[in-house]
Amino acid sequence: MEKRKLGFWEIWNMSFGFLGIQMGFALQNANASRILQTFGADVHELSWFWIIAPLMGLIVQPVIGHYSDRTWGRYGRRKPFFLVGALLASVGLILMPQADLFIAFLPALWVGAGMLMIMDASFNIAMEPFRALVGDNLRDDQTTQGFSVQTALIGIGAVIGSGLPYVLHHWFGISNTAADGSVPAHLIWSFILGAIALVASILVTITTTKEYSPEELDRFAGESPTAAENEEEPARLTDIFSDFKNMPYTMRQLSWVQFFSWFGLFGMWVFTTPAVAHHVYGLPIDDTKSATYQAAGDWVGILFGIYNAVSAVVAFALPAIAKRLGRKYTHAASLAIGGFGLLGMYIVPDENWLILPMICIGIAWASILAMPYAILAGSISPRKMGVYMGIFNFFIVIPQIVNALIGGPLVKYVYHNNAIFALVMSGISFLLAALLALKVREKHETSVINYD
């Protein structure tokens with residue numbers, strides 16, 4: 001018995017909720033650092049506040065994956081998690097830039113950090129089941145297309161989210177300045193619109209996508225139905241540790257590729273705004289309030305939108321490229337291009353030239369969001385799809401935690417507050433990931449794969 005081959009628009013609707021998730025995620029990536037600096041954070045402290053994001057992923061995604069594997073009811077298997085995550089994330093989006101409303105109770109900086117934590121936990125609640133849903137619903141010969149469509153939607157959502165503050169200020173005249181300690185109105189409205197788009201896009205997926213039951217997935221995998229066994233055997237969180245120990249061989253190799261890829265991405269997300277403001281615009285290191293600093297932050301949003309737009313376009317070409325070159329070679333080449341792009345940010349003569357490195361980073365980002373999952377999906381049993389997609393997230397969040405812990409001290413004591421060198425380090429990390437990708441053995445290249 002085989003899964004039904006899905007049409008393009010069915011795959012599109014199945015992943016459409018990722019557009020809203022990434023719109024909110026892009027607003028956070030491009031603006032959280034300057035919001036936290038507005039509330040009083042120093043540049044070398046930023047990575048410590050950002051540690052909240054990977055910690056939430058480390059805790060939430062495997063747990064959500066574990067329970068979504070064992071959930072089946074009138075609303076489906078993965079879909080209830082989408083909706084809950086979207087609703088909670090929308091609360092964090094609306095309140096983070098307005099944290100100064102709560103200064104009667106707590107300092108705005110800590111309220112803002114708390115809203116960042118809520119956002120990240122909620123994004124993870126919604127995000128992990130989306131990855132698993134592609135593995136659930138698509139045949140092996142469609143997984144690359146499925147993750148590529150998901151990457152395209154991520155890119156589109158990120159372009160919209162990254163560019164919103166710039167558009168609201170330059171096209172609609174909403175102010176990009178505010179009193180000391182307050183976030184400008186164009187950022188507040190951007191986050192509100194992001195929250196609305198998040199919930200709306202998740203509802204599209206929920207209302208248009210059918211999920212296979214656990215019994216059907218067992219039959220597709222050639223396994224006997226296990227519904228009765230699952231009813232007798234309660235879900236135990238401790239199973240995650242045994243699943244981690246017995247992860248497939250391909251997943252072990254990909255873990256190192258993911259480590260260096262996401263170490264580099266985290267450094268880019270945290271330090272691009274202060275790096276561009278100081279290194280490219282020539283502002284003093286302690287300038288976080290001037291109109292020029294806000295202009296630099298808005299331009300970083302546009303730059304982030306550019307790399308996400310590139311990723312959306314490249315995503316549609318990835319299946320054809322991977323078919324010709326192979327998945328791992330496609331991924332290695334993309335990471336190398338992104339690495340050289342990050343290194344190039346050090347030598348650009350002015351802010352307009354930053355577009356070229358962003359094009360390179362967009363190529364890498366498209367591959368990071370698609371290729372590792374396409375490689376991994378074929379090596380995982382359908383019964384373990386959710387939990388292993390969650391465990392795979394360890395190798396996304398652990399490098400971010402490492403960077404969060406050492407990134408700030410490196411910027412302060414080694415780079416002397418020159419955040420541009422954090423981006424150089426990110427470029428080197430991408431190049432290491434590219435080399436490690438060449439060593440990955442895909443399922444068809446090895447017969448030693450553990451599915452338990």
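In the predicted model, helix H13 comprises the 35 residues 291-325, which at 1.5 Å a residue should span 51 Å, and the computed separation of its end C-alpha atoms, 47 Å, agrees with that expectation. Just after H13, Gly-326 adopts a positive phi of about 100°.

Two packed helices are described by the angle between their axes and the distance between the axes. For H13 and helix H14 (residues 327-344), the axes come within 7 Å and cross at roughly 115°, and the crossing is right-handed. On the H13 side the contact is made by Leu-318, Ile-321, Ala-322 and Leu-325, whereas H14 contributes Arg-327, Tyr-329 and Thr-330.

Helix H5 (residues 79-95) was examined in the same manner: its 17 residues should span 24 Å at 1.5 Å a residue, and its end C-alpha atoms lie 25 Å apart, which agrees. The buried residues of H5 are Lys-79, Phe-81, Phe-82, Gly-85, Ala-86, Ala-89, Ser-90, Gly-92 and Leu-93. Viewed down the axis of H5, these buried residues fall within an arc of 165°, and they therefore line one face of the helix. An α-helix has 3.6 residues a turn, so residues three or four places apart point the same way.

When residues up to four places away in sequence are not counted, Gln-253 touches Lys-439, Val-440 and Arg-441.

Methods. Residues are numbered from 1 along each chain as its sequence is written. This is a predicted model: local features need pLDDT of at least 70, side-chain atom pairs count only at pLDDT 80 or more; totals for chains, interfaces and linings use all residues. Side-chain values use heavy atoms; hydrogens and water are left out. Helices (H or I, at least four residues) and strands (E, at least two) are DSSP runs, numbered from the N terminus. The expected span of a helix is 1.5 Å times one less than its number of residues. Buried means under 20% relative accessible area, exposed over 50%, partly exposed in between (1.4 Å probe, protein chains only). The arc is that of the directions from the helix axis to the C-beta atoms. Axes are lines fitted to C-alpha atoms, for helices over the stretch in contact, and angles run from 0 to 180 degrees between N-to-C directions. A crossing is left-handed if the near helix is turned anticlockwise from the far one by less than a right angle, and right-handed if clockwise. Contact means heavy atoms within 4.5 Å.
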